[in-house]
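Trainee: I would like to learn how to read helix packing and ligand surroundings. Could we work through a case?

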Amino acid sequence: TRLPESERKKRPKVVILGTGWGSLCFLRKLHTDLFDVTIISPRNYFLFTPLLVGGTTGTVEVRSIMEPIRKYCKRADAEDATFYEAECLSVDPVSKKVKCYDNSAVKGEVSEFELEYDHLIVGVGADNQTFGIPGVKENACFLKEINDTRNIRDKIIDCLETASYPGQPEKEIDRLLNFVVVGGGPSGVEFTAELNDFLQSDLLKTYPLAKRINVTLVEALPHILTIFDKKIIDHVEKRLQSSNNTKIWTKTAVVGVREKEITVKNTTTKEESIHPYGLLVWATGNTPRKITTQIMQSIGPNIQNNRRGLVVDDYFRVAGTDGIWSIGDASINPSKPLAQTAQVASQQGRYLGRLFNQLAEEMNNDLIKKRENPDAHKEEKEKQQEKLNLFNSITGSNKSFEEAVKEKPLFKYKHMGTLAYVGDHQAVAEFKGDHSTTVSEGYITYYLWRSVYFTKLLSVRNRALVSFDWLKSSVFGRDISRG
Ligand code: FAD
Ligand code: NAD
């Protein structure tokens with residue numbers, strides 16, 4: 001359904017950075033006939049993050065929660081979008097250009113390119129927060145990308161195999177089987193729960209040494225899962241600690257990491273101690289990505305000075321720029337801050353896609369109505385030309401954007417509740433109404449958790465694969481082979 005290149009070039013150029021929740025939801029809503037759309041991301045797939053933790057133990061296989069982005073670039077009824085697998089290195093908000101680089105293993109003669117945009121959608125998500133603690137990046141595993149899950153799965157088994165060597169000293173066995181999870185937010189808690197399931201259902205059956213595995217969840221605050229209601233926090237803390245192999249250390253911050261040991265500090269007594277580990281999983285939240293910081297710096301610290309990311313207005317326009325928009329974990333509207341979740345990013349992406357379509361279509365209709373020239377052929381040409389320019393004109397620097405969006409509904413976030421898996425076929429859920437909060441926990445909530453995420457999976461293919469993985473791991477157990 002491609003227009004000739006010459007026609008394509010005339011339409012407003014929309015460049016989307018990222019293939020995550022925000023960007024994909026924006027792309028799926030966008031009428032690609034109205035724009036010349038290009039997506040740039042180092043990942044040529046969308047990743048369904050809510051089930052990512054299951055990939056660390058093999059409850060689900062990671063390919064089951066990935067979706068090729070090119071599938072969404074192809075449109076049966078409209079113009080296709082273009083995809084380039086590359087990392088955006090820098091954005092020049094003045095010349096309106098992005099510079100990109102091929103960071104994959106296979107490189108051709110061309111491995112860098114520049115692209116012009118009229119509108120840039122920054123949906124690059126966030127990076128792992130390490131607070132600059134030395135040794136974290138070099139020694140810890142993270143919980144963000146597909147490779148992280150492969151890495152963790154591999155390391156769990158490697159620790160057990162190495163601990164089983166003949167003549168391995170007792171002290172070294174204890175170290176290898178000491179698994180530390182840093183950060184008691186939802187990522188750290190869900191991982192601890194998955195790890196415990198893996199241990200109880202699979203590892204204990206096959207590895208004689210598995211009973212010596214110790215899992216420690218380390219949290220700097222007095223409690224884990226602080227985004228949840230107190231009742232849920234109590235329930236989860238009790239649940240996790242009811243397993244003989246799992247401990248929670250609250251009011252304890254990890255302050256140093258070396259290859260085989262961590263230093264922790266009690267936040268009350270300020271006492272420090274050293275603990276050996278075999279596996280270290282780091283889940284202490286988000287920080288802006290390098291590209292986000294570069295964009296912020298190019299705008300200047302007077303305008304872009306929020307530690308969470310790009311400051312945007314009610315329409316997700318990046319403050320201090322013309323034609324840059326940002327959604328999801330990469331941005332924040334300081335007057336209405338929201339959590340960094342898939343729920344938020346996807347709703348923002350859908351809203352912005354709709355806004356782009358509405359503005360472009362409405363302005364186009366107005367122009368057609370206003371046209372007086374009876375010459376049909378000439379009119380057709382003009383119409384085309386005006387259509388091509390209209391979106392830029394309303395969102396450009398001529399200030400008519402405010403007028404154009406005056407009657408448009410503002411983005412309204414609809415919170416559908418927060419769910420988290422806490423192990424052994426149990427989950428917790430919190431639904432906040434205007435006047436009350438409903439909390440629920442246990443087996444029924446677990447089925448709710450599964451059904452919600454199952455229905456949110458993007459494609460029938462994903463759903464079929466995930467159902468099969470769940471069935472496979474519950475009937476045959478999780479695969480314990482390495483590699
Ligand atoms: P992302 O989905 O992270 O996508 C960012 C995209 O940008 C990626 O495609 C990335 O490759 C790309 N990118 C990065 N750098 C560049 C660059 N330089 N140039 C171009 N592209 C780039 N939220 C929930 O609501 N419910 C949950 O149950 C839940 N579970 C989670 C579990 C885990 C383990 C994690 C890590 C997160 C979870 N979240 C959950 C949070 C949710 O995943 C994020 O809030 C969401 O992914 C943010 O969407 P995004 O579009 O902003 O970024
Ligand atoms: P988080 O920011 O929610 O939690 C990180 C935790 O690490 C905090 O409690 C913090 O006190 C602790 N911490 C920080 N530094 C520490 C240190 N040095 N030592 C010990 N503890 C330390 O991060 P997350 O769990 O990675 O989640 C990131 C985002 O993804 C959040 O917005 C979260 O809501 C979202 N998410 C949601 C779900 C879900 O809805 N089920 C699941 C995973 C992630």
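Trainee: Are α5 and α7 oblique or roughly parallel to each other?

Mentor: Two packed helices are described by the angle between their axes and by the distance between those axes. This model is predicted. Here helix α5 (residues 146-163) packs with helix α7 (residues 186-206) at about 45°, the axes being 13 Å apart. Angles under 35 degrees count as roughly parallel, and α5 and α7 are therefore oblique to each other.

Trainee: In which hand does α5 cross α7?

Mentor: The crossing of α5 past α7 is right-handed.

Trainee: Which residues of α5 and α7 meet?

Mentor: From α5 come Ile-152, Ile-156, Ile-157 and Leu-160; from α7 come Phe-191, Leu-195, Phe-198 and Leu-203. By class, the residues of this contact are eight nonpolar, no polar and no charged.

Trainee: How many residues surround ligand 2, and which are the closest?

Mentor: Ligand 2 is surrounded by 23 residues, with Ser-187, Glu-219, Val-254, Gln-340 and Leu-419 the closest. Then look at the polar atom pairs. A polar backbone atom of Leu-419 is 2.7 Å from a nitrogen atom of ligand 2, and a backbone N or O atom of Ala-220 lies 3.2 Å from a nitrogen atom of the ligand. For Pro-186, a polar backbone atom is 3.3 Å from an oxygen atom of ligand 2.

Trainee: What surrounds ligand 1?

Mentor: There are 28 residues around ligand 1, and the closest are Thr-19, Gly-22, Thr-49, Asp-329 and Tyr-453. Thr-19 places a polar side-chain atom 2.8 Å from an oxygen atom of ligand 1. Asp-329 has a backbone N or O atom 2.8 Å from an oxygen atom of ligand 1, and for Ala-342 the distance from such a backbone atom to a ligand 1 oxygen is 3.0 Å.

Definitions and conventions
Residues numbered from 1 in each chain as written. Chains lettered and ligands numbered in written order. Predicted model: local features only at pLDDT ≥ 70, side-chain atom pairs only at ≥ 80, totals over all residues. Heavy atoms only, no water. Axes fitted to C-alpha atoms, helices over the stretch in contact; angles between N-to-C directions. Helix = DSSP H or I, 4+ residues; strand = E, 2+ residues; numbered from the N terminus. Parallel < 35°, antiparallel > 145°, perpendicular 65-115°, else oblique. Left-handed = near helix turned anticlockwise from the far one by under 90°. Contact = heavy atoms within 4.5 Å. Nonpolar A, V, L, I, M, F, W, Y, C, P; charged D, E, K, R; others polar. Near = heavy atom within 4 Å. Polar contact = N/O pair within 3.5 Å; in protein donor to acceptor, adjacent residues only side chain to side chain.
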